[in-house]
Amino acid sequence: MAAHDSLDTRKVAGALGAEITGIRLGPDLPDDVVAYVRAAILEHKVVFLRGQEHLDDAAHAGFVRRLGPLTTAHPTITGGLDEAAILPVDSERGNKANSWHTDVTFVDRPPAFTTLRAQVLPPYGGDTVFANTARAYATLPTHMQRLVDDLWAEHCNDYDYATCHAVVEPTMASAEYQQEFVSTIYKTHHPVVRVHPETGEPAFVLGQFVSRILEVNGQDSRSLFDLLQRHITRLENTVRWRWSPGDIALWDNRATQHYAVDDYDDLPRRMHRVTVAGDVPVSLSGQHSVAVAGDSGTYAGRATTPAPIPAPVPVAGA
C-alpha cells in the first residue's frame, strides 16, 4: 500500500464508527485499498469518508461493486436513474427513514453492505444514527442471551410501524411512496440472532420491519421486541454522523441498525443508496431464514447458500 501511505482510519465513537482519510473512492482503486476499506467496515461496522464530491452514480456503483455483487435499487421502489443499482432516498418523495431499521430485512437475503452518498442536504438537521447490533448482543446479560438465542421473528414490508410511533398526517408524496413500497408483499422469518458470515459474531436481526416474534403472543411479542430494541439503540451503543457535501457512509448491514433523524422541517434532503447483495442469515443453531411471501431473486440474486465463515479480518492501520 506504498502508493497510499496517507490512508488512515480514526474512530468516531467507542461502540462503532470510524472515518477513513486519504482515499479518493472509485471503481479502479487497487485491490489492497479495497481490501483495507472492507476490513475497516467489518471492524468498525460503519465508516465515513469526506471529500468524495467527484463521485457520480456510475462511479459510486462501480466502487461498491468491488465489495460484492450489487442488488437492484430496491425490491419494490423504482430507482428511476440511469444506474439501476442506485436508490434515491429523497425526502421530497416522502422517503424519510425516521425509524430504527436494518435495510430490507423483509426479504430472505438482506444486503450485506449499504452505502449512502450525500446529494442534497438541509442547512440543519438530517443526521444519521447507527447502532451496533453485534455489540448489543455481546453486552446482553447471559441469561438474556439464552432467551433470545432460539427466537425467530417475522419481517414484512407491509407492517404498519406507525402504530407504535407518533406520526403526522401523511402527505400525498409519502402516501404514494408507501403504496409503491407495499406493491409486492414480502414476508420472511429470520432468527432474532444471526451469525455474521464474515466475522462469526452473533448479531441481532430486528428493527422496524419486525411484525411479530414467532410463538410469542401479541402483547408479549411487542413488549419483548421493545425491550430488545431499547437495548440495541442505547446511546452508548450508537454513533451519530452529521453530513457534509461530498460525504459517503458505508456500513455492514448485517451488524447494524440506522435511523435518519427527521429534524429538518420540510427542507429537501436527498441521498443516493447502493447495496451489496447478502446471503441468507443463519441462526446460532445453524437454521437458515425462510421466505414466507415474495421472491427476492430479482432483487438480490439467486444464491441461497451462505458463504463460509472465515477468521475475523484485522484492519491494518485502524
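**Salt bridges, a sheet and a helix**

Author: This is a predicted model. Let's start at Aspartate 103, which counts as buried because its relative accessibility is 3%.

Reader: OK, what does aspartate 103 form a salt bridge with?
Author: With arginine 273; their closest N and O atoms are 3.5 Å apart. Arginine 273 counts as buried too, at 9% relative accessibility.

Reader: How many salt bridges does the count come to?
Author: The count is 19 salt bridges. One of them joins the side chains of arginine 66 and aspartate 31, at 2.7 Å from N to O.

Reader: Is aspartate 31 buried or exposed?
Author: Exposed, at 61% relative accessibility. Arginine 66 is partly exposed, with 27% relative accessible area.

Reader: Switching topic: which strands form the open sheet, and in what order?
Author: The order is E12-E6-E14, with antiparallel pairing. Strand E12 (238-241) and strand E14 (256-260) stand at the edges with a single partner strand each, so one side of each has no neighbour in the sheet. From one strand to the next, the twist averages 20°.

Reader: How many bridges are there between E6 and E14?
Author: Strand E6 (residues 128-132) pairs with E14 over 5 bridges. In one example, asparagine 132 has threonine 256 of E14 as its bridge partner.

Reader: What about helix H6, how far does it reach?
Author: Helix H6 (residues 218-232) has 15 residues and reaches 21 Å from its first C-alpha to its last, close to the 21 Å expected. Its buried residues include Leu224, Phe225 and Leu228.

Reader: What do the buried residues of H6 pack against?
Author: Several elements, among them E6, E14 and helix H3 (133-138).

Reader: Last one: what's the average pLDDT?
Author: The protein averages 88, and 83% of the residues score at least 70. Over residues 161-167, though, the pLDDT is below 50, and that stretch has 6 contacts beyond near neighbours in sequence. Residues 303-318 are also below 50, with 34 such contacts. Where pLDDT is low, the predicted coordinates should not be read in detail.

Notes: Residues are numbered from 1 along each chain as its sequence is written. This is a predicted model: local features need pLDDT of at least 70, side-chain atom pairs count only at pLDDT 80 or more; totals for chains, interfaces and linings use all residues. Side-chain values use heavy atoms; hydrogens and water are left out. Two strands pair if DSSP finds at least two bridges between them. Helices (H or I, at least four residues) and strands (E, at least two) are DSSP runs, numbered from the N terminus. Axes are lines fitted to C-alpha atoms, for helices over the stretch in contact, and angles run from 0 to 180 degrees between N-to-C directions. pLDDT is the predictor's confidence in each residue, from 0 to 100. Contact means heavy atoms within 4.5 Å. The expected span of a helix is 1.5 Å times one less than its number of residues. Buried means under 20% relative accessible area, exposed over 50%, partly exposed in between (1.4 Å probe, protein chains only). A salt bridge is a side-chain nitrogen of Lys or Arg within 4 Å of a carboxyl oxygen of Asp or Glu.
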